[in-house]
Amino acid sequence: MSSRERDMAIRYLNKGVSLKEKGLHAEALENFKKAEEHSWSASSPALLATVMQNLGELLQTVGDEDEAFDQYSHAVENLEKLVEVTPSFKEQLAITLSKYGSMLVDRGKKTEAKATYEKAIVLYRELRREFPRNVQIRSNMISTLNNLGGLLADMGQGDEAQWKFERALKMLDDKQCIAENYTQCLEKRAMVLANLANLFGEKGKIEQARETFEKVLNIYYSLLDQGHMTELYRSRVSLVLSRIAPLLVSLDRKEEALQSYTSLMQMYDELAKLEPKNADFNIKKALVLSSMGDLLERMHKGNEAISKYEEALAILTELKDELETEKYSSIIIPIYLNLGRMFVSQGRVTEGLEKMDYVCGLISLSSEEKDVQIIDLGYSCLMQVCEQLSEKVGYENPELFEKLLELHSMLSIFNITPEGILCKARIMEALGRAQLNSGKNEIAIGKLTEAIDLYTELTNTDDHSSEIAKLSDLIEANISCITDADELEIVSCEITEVIKEEDLEPETIADKGSIMDTQERLADLALDKGRYEQAFDLYLEIYSADKSREGLLKKAAVLLGTLEADMHLNRRSGSILKDMEFLIKGYTVLADLEPSNSEHRRNLAAIEKEMGKILLDTGHVEEARQSLVQALESYLLLMGMPGNKHHLKGMYAVLKELTALLPTIGDKERELKCQEQISKSYSLMCELDPQDVGLVEELATSLDHQASLLANLDRKTDAYDLLNQALDKYELLYQLESSYKHAEKAAVAMNNMGALLARMGKKEEAKKMLEDSLRIYNYLLDQEPDNTEHMVHAACTLDNMGTLFGNMDRLEDAKHMYQSALQMYIDVTGVNPDDTSCNEYAAVTMENLGAVLERMGRRDDAKWMYDNAKKLRMGEA
């Protein structure tokens with residue numbers, strides 16, 4: 001059976017190979033799959049390997065990557081099962097795993113690929129122990145180690161990757177390389193070394209990277225000397241040289257780098273002779289010449305650098321018709337930019353600017369989708385040229401910088417990047433300075449001001465604060481030349497804004513006194529024109545720079561008072577809320593600057609209170625609450641100042657407004673926070689006037705409500721403490737003024753305390769508190785027998801006592817309490833038959849009574865209670 005399966009597999013394999021060579025891929029694929037089926041049954045690892053190799057190659061040829069992947073996945077699964085029975089398939093499994101790992105890498109499944117490679121390496125180790133002289137197994141293991149090393153490097157696991165590469169290199173020692181495979185061995189060694197060198201480069205180990213690439217280079221030179229595949233190895237030598245040269249530049253070994261570039265040029269010349277029609281070699285030569293130009297410039301060999309750039313351009317000019325426009329532009333533009341810049345540095349300014357003009361035109365023609373890197377390179381080059389011109393004696397002509405602005409405009413049509421903004425700022429600054437030198441001061445100030453504006457547009461403005469400060473000084477020193485008042489105001493305001501935005505330290509500004517005087521003059525001017533915010537900001541800005549000008553704070557306070565008066569007299573045409581926001585901002589600043597001045601805080605509190613009322617009147621409830629809370633905080637600070645008791649009335653008005661707004665908050669935590677502020681405020685007011693009955697009553701009520709909120713948030717201990725405080729205040733209140741009203745509030749607090757104690761498990765204490773509450777209600781009902789409010793509160797307390805007794809398993813007592821509560825609700829309807837407001841409370845009590853009756857085994861009575869509770873809610877009872 002095995003022999004027949006083998007013969008069938010070979011037959012289909014041969015037929016598939018023949019069809020594949022004829023280009024009949026579909027038919028070949030069908031035969032390879034049949035060959036694979038028979039190979040599995042034939043149990044021949046070598047035959048299966050050949051079939052799978054041909055099948056995989058064909059699938060990749062026809063571009064069916066998914067089927068190829070599935071094919072290898074299926075093969076791995078089958079081979080893993082087969083190896084358990086037939087160990088001779090171990091080598092084929094290792095080969096398949098290695099290939100499958102590479103496919104996983106291509107699909108971005110790096111973790112799975114790593115595990116797959118590692119499985120293959122484990123198998124190769126076992127095979128190496130079994131077949132230590134097998135060259136193919138050793139070669140395959142080296143390839144897998146190399147692939148795993150490359151994957152680990154991509155995954156950021158550099159140390160593990162290095163270990164894999166070094167392990168592979170150890171297996172490639174000369175002693176282990178068999179003579180007949182020496183070339184293959186050297187090629188593998190070069191491949192692994194190149195990967196290791198790349199890893200060293202990524203890790204910043206430049207010297208080790210260079211040394212390792214040198215080893216690769218020596219291998220390829222030795223193969224070249226032996227006459228092996230000349231074109232191939234020259235190409236590889238050129239690739240390695242192209243990696244070594246930049247490393248030498250990074251190591252500042254310029255002469256050696258230059259020699260590497262020269263060797264690279266010679267290698268490209270030799271390759272170009274072998275393939276004269278291959279334009280790629282000439283392109284590479286041009287790029288090398290450009291790199292040599294960059295290096296020579298760094299070596300201060302300007303004329304030689306220019307020569308290399310010109311050689312590169314000559315090569316590229318001949319290739320123009322052979323290259324796509326985009327590719328041609330991307331190569332030639334940087335070279336032209338460097339050449340133009342070099343011409344300027346060598347004093348050939350006209351030629352340099354002509355080159356810059358030409359290259360900016362090239363950029364404009366390159367594509368609709370502009371390459372940001374190329375454009376930024378253009379901006380960078382313009383800045384360097386601008387700097388060169390600024391430093392050259394005799395080149396302060398404004399026309400040169402205007403030309404640079406023109407070139408900048410050509411680039412900025414397509415994209416104005418941060419580099420572009422910085423570039424324009426630099427050119428504007430240089431142009432402004434050149435115009436100052438030419439005596440065109442007023443025009444120059446405009447350019448310098450524009451430069452400042454551009455610097456402030458940058459996200460990294462802090463990096464340019466020194467330039468901004470210097471330009472501000474320059475403008476201030478020449479501002480007297482501006483005769484137009486509006487222009488003076490614009491320029492000075494811009495400087496002020498910059499100083500404010502950049503947070504420039506006063507000591508960094510040379511003519512500080514002059515600047516401050518100018519700003520104060522402008523502030524007064526703004527105030528005269530009714531520009532309150534502008535004037536206020538200027539006054540404060542001047543004061544922050546020079547604290548000795550204390551009179552400015554008085555000016556700022558008078559300004560706010562004037563605005564407030566205009567607002568109340570309807571002299572303002574804008575939004576009153578906007579004016580109030582500014583007043584709040586202004587008084588806050590002044591109160592912070594002069595904390596002992598209670599007038600600022602009083603004005604702030606009054607405006608915040610007024611704004612809260614207006615917001616409330618216009619339906620902005622949440623904003624009104626926030627403004628009133630701010631007002632309350634201001635009043636609290638005001639109360640801490642000596643002699644401010646007379647503000648109690650204003651504070652009380654705020655508290656009443658806030659208390660009314662509490663139900664609108666809709667969030668218990670936020671409501672609690674607001675209630676805490678209210679309680680704190682009433683407590684402070686009571687300390688200032690402890691005999692005021694109204695204030696004590698407000699404090700007690702506030703504490704009671706705060707306790708209720710805490711209880712709802714399940715903070716029982718805190719709620720208990722607050723209720724105790726509330727009861728103390730009710731007791732004080734009753735001492736100050738004997739009144740049924742105060743007694744009723746105390747009874748309500750006691751009822752709440754009893755319910756809370758019950759929730760806390762303190763049943764006896766709860767019982768005592770509820771009984772005390774009920775005694776007060778009985779006393780109140782004796783005095784006012786028809787007071788339905790007392791009846792409802794008493795019924796609620798009876799209901800709470802019923803619930804407490806039920807939890808204590810005192811069912812008879814619970815039943816009695818619930819029945820008493822229901823009788824109280826009936827008495828309410830007796831006094832006012834049309835009052836249905838307590839129907840819901842009565843229904844709850846009936847359900848509670850029903851539950852107790854059910855626990856007592858009186859199910860019919862319980863059902864009657866449940867049914868009537870439902871009818872009561874529906875208005876039928």
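Is His300 buried or exposed? His300 is exposed, with a relative accessible area of 74%. Here buried stands for under 20% relative accessible area, exposed for over 50%, and partly exposed for values in between (1.4 Å probe, protein chains only). The model is predicted: local features require pLDDT of at least 70, side-chain atom pairs count only at pLDDT 80 or more, and totals for chains, interfaces and linings use all residues. Residues are numbered from 1 along each chain as its sequence is written, and side-chain values use heavy atoms, with hydrogens and water left out.

The protein contains 38 helices and 0 strands. Both are DSSP runs, numbered from the N terminus (helices: H or I, at least four residues; strands: E, at least two). Of the 877 residues, 47% are buried. The accessible surface comes to about 42,800 Å². Carbon and sulfur atoms hold 48% of that surface. These areas come from the Shrake-Rupley method with a 1.4 Å probe; for residues, only the protein chains shown count as cover. Among contacts (heavy atoms within 4.5 Å) with a separation of 6 or more, 60% join residues 24 or more positions apart.

Helix H13 (residues 279–298) packs on helix H14 (residues 302–319) at an angle of about 160°, and the axes are 8 Å apart. Axes are lines fitted to C-alpha atoms, for helices over the stretch in contact, and angles run from 0 to 180 degrees between N-to-C directions. H13 is therefore roughly antiparallel to H14. Angles over 145 degrees count as roughly antiparallel, under 35 as roughly parallel, 65 to 115 as roughly perpendicular, and the rest as oblique. The crossing of H13 and H14 is left-handed. A left-handed crossing has the near helix turned anticlockwise from the far one by less than a right angle; clockwise gives a right-handed one. H13 contributes residues including Ile283, Ala286, Leu289 and Met292. Residues of H14 in the contact include Tyr309, Ala312, Ile315 and Leu319. By class, this contact has 12 nonpolar, 3 polar and 6 charged residues. Ala, Val, Leu, Ile, Met, Phe, Trp, Tyr, Cys and Pro count as nonpolar, Asp, Glu, Lys and Arg as charged, and the others, Gly among them, as polar. His300 is found in the loop between H13 and H14. Its phi is positive, about 65°, although His300 is not a glycine.

Helices H24 (residues 532–545) and H25 (residues 551–568) cross at roughly 165°, with axes that come within 9 Å. H24 is thus roughly antiparallel to H25. Their crossing is left-handed. Among the H24 residues in the contact are Tyr532, Phe536, Tyr539 and Tyr543. H25 supplies residues including Leu552, Leu559, Leu560 and Leu563. The contact of H24 with H25 holds 13 nonpolar, 1 polar and 2 charged residues.

Helix H30 (residues 668–688) and helix H31 (residues 693–712) have axes 9 Å apart and an angle of about 155°. This makes H30 roughly antiparallel to H31. H30 passes H31 in a left-handed crossing. The H30 side of the contact includes Leu672, Gln675, Ser679 and Tyr682. The H31 side includes Leu695, Leu699, Ser702 and Gln706. The classes here are 11 nonpolar, 7 polar and 4 charged.

A positive phi also occurs at Asp809, a residue other than glycine, with a value near 65°. Asp809 is in the loop between helix H35 (788–807) and helix H36 (811–831). Asp809 counts as exposed, at 58% relative accessibility.

Thr788 lies in helix H35. Its relative accessible area is 24%, so Thr788 is partly exposed. Leaving out residues up to four places away in sequence, Thr788 touches Val828 and Val831. The C-alpha atoms of Thr788 and Thr829 are 8.8 Å apart, across 41 residues of sequence.

Two serines were also placed. Ser345 is in helix H15 (residues 325–345) and is partly exposed at 28% relative accessibility. Beyond its neighbours within four places in sequence, Ser345 is in contact with Gln388 and Lys392. Ser345 and Gln388 are 43 residues apart along the chain, with C-alpha atoms separated by 6.3 Å. Ser222 sits in helix H10 (residues 206–225). Ser222 has a relative accessible area of 25% and is partly exposed.
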